[in-house]
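Let's take a friendly walk through this protein model, one piece at a time. Please keep the picture beside you as you read.

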Amino acid sequence: MPETKARVLIVDDTPANLTLLSELLIERGFEVVVATNGRRALTLAEQQRPDVIMLDITMPEMSGYEVCRILKARESTRAIPVIFLSSHDEVADKVTAFRAGGVDYVTKPFQVEEVMARLESQLQIARLRTELEEKQRDLERQNVELANRNADLLLAHRRSDLVFSALSDLLPGQVLDGKYLIEDKIGAGGFGSVFRGKHVQLDRAVAVKVFRPSAGNDTAAGLERFRAEGATACRLDHPNVVNVLDTGISETGIAYLVMELLEGHTLAEELTLHGAMSVDRCIAIVIPVCRALTEAASKNVVHRDIKPSNVFLHRGRDGEIVKVVDFGIAKLLGEAPDANSEELTRSGMFVGSPTYMSPERLLGSDYDHRSDVYSVGVMLYQLLSGRLPFEARGTGYAPLALRYLVEDPPALRDLAPTMPAGLESVVMTAMARRPEARMSADELATLLATFARERSAT
């Protein structure tokens with residue numbers, strides 16, 4: 001039984017279906033309005049404003065698809081959720097229904113409890129959306145009253161956080177652009193949340209990353225940065241780079257990125273579980289990372305945020321495959337700096353993680369692909385020793401950044417006495433403060449591969 005008496009408009013040209021559904025819903029406490037054709041349904045939707053519409057597809061004169069498109073084109077009825085009812089169970093029919101604006105699809109003959117569960121779920125979503133809109137309007141009125149710009153920004157951030165958090169809860173079960181069914185949430189990052197999903201037409205498992213508005217990326221420039229993630233990653237065709245399949249903005253304004261679905265865990269999770277790694281394990285992971293960065297460098301792309309949480313250990317059919325993920329903050333070398341980069345600099349924000357950031361980036365100087373090599377060097381140091389070159393002292397990143405700029409890290413062999421001297425030299429060269437003193441990612445991969453071969457030969 002719904003908490004309040006919700007109004008349902010049932011549209012079907014078959015009297016028996018209308019009678020059955022009407023009696024069922026009235027028994028459950030709903031107010032029911034019926035229509036036997038599309039034109040009557042459009043009139044009733046305007047006049048009586050139902051909370052949800054249950055719409056047959058095959059009707060004379062005007063199909064359910066046409067009725068739904070008209071409803072979604074009208075400002076007064078656009079927000080009313082439409083559940084399609086049909087005897088057709090083909091994927092193409094369902095895709096057409098979702099593209100027309102439907103939120104759900106029930107196949108006839110239907111099970112009573114299934115219909116009730118779907119109906120009440122859509123009513124709950126609609127109520128939550130209404131509450132969110134009211135909260136957003138309240139927050140917007142408060143924004144007008146705030147004189148301090150920083151307070152405005154903080155409030156906007158909280159509002160975006162609230163809306164996105166609610167949206168993340170609502171997305172599972174929804175279909176983006178009639179193509180991607182959103183399933184359970186599997187991860188989150190600075191730019192968005194990642195969901196397990198499925199391409200409806202191809203029946204293919206995918207990962208769907210949804211853009212998350214927050215402080216620093218809740219602007220048009222932030223959306224462009226999200227678009228750039230897809231454009232940049234699509235330029236990189238390499239087995240050690242996560243494969244980006246599609247990107248876009250749905251009809252409901254949700255920006256998304258579709259990627260191959262990875263199974264496994266991040267390098268950060270492995271570090272947390274096992275601590276320092278053996279030399280052979282470390283080399284086996286870092287060489288593919290270097291190969292991915294070599295491919296990126298050949299396309300004038302700098303990742304800018306290489307760290308263990310952006311290295312994924314994927315369980316493929318033939319064993320483990322190392323994947324570099326999240327090229328969302330990559331810089332396309334040779335292109336003019338975008339407005340967002342200037343905005344980040346002015347606001348004192350860094351794109352990337354200061355713990356793994358090269359000295360030239362910490363200083364705001366020019367940089368290239370060797371900046372990523374420095375980050376790999378820091379990661380190598382951590383994998384081999386079980387700790388970072390420098391630990392934070394106090395609050396904020398400034399004291400930590402200063403240590404990276406002026407101090408030498410503890411010798412690796414002091415932390416790992418069995419560390420071969422030659423490997424320590426490779427790591428420290430990758431972490432050289434001056435970019436010109438570092439090797440390229442390709443050279444680093446070659447050095448590590450040579451080192452591994454020599455170890456296996458002895």
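**Starting with the sheet**

Strand E1 (residues 7-11) is joined to E2 by 5 bridges, and the two run parallel. Strands here (E, at least two residues) and helices (H or I, at least four) are DSSP runs, numbered from the N terminus, and two strands pair if DSSP finds at least two bridges between them. Within this pair, Ile-10 stands opposite Val-34 in E2.

Before going on, note that this is a predicted model: local features need pLDDT of at least 70, side-chain atom pairs count only at pLDDT 80 or more, and totals for chains, interfaces and linings use all residues. Residues are numbered from 1 along each chain as its sequence is written, and side-chain values use heavy atoms, leaving out hydrogens and water.

Now widen the view: 5 strands form an open sheet in the order E2-E1-E3-E4-E5, with parallel pairing. At the edges are strand E2 (31-35) and strand E5 (104-107), each pairing on one side only.

**A pair of helices**

How do H15 and H16 pack? Helix H15 (residues 421-430) and helix H16 (residues 441-457) pack at an angle of about 170 degrees, their axes 11 Å apart; axes are lines fitted to C-alpha atoms, for helices over the stretch in contact, and angles run from 0 to 180 degrees between N-to-C directions. That makes H15 roughly antiparallel to H16 (angles over 145 degrees count as such). Gly-422, Leu-423, Val-426 and Ala-430 in H15 meet Leu-444, Leu-447, Leu-448 and Phe-451 in H16, where contact means heavy atoms within 4.5 Å.

Technical notes: Angles under 35 degrees count as roughly parallel, over 145 as roughly antiparallel, 65 to 115 as roughly perpendicular and the rest as oblique.
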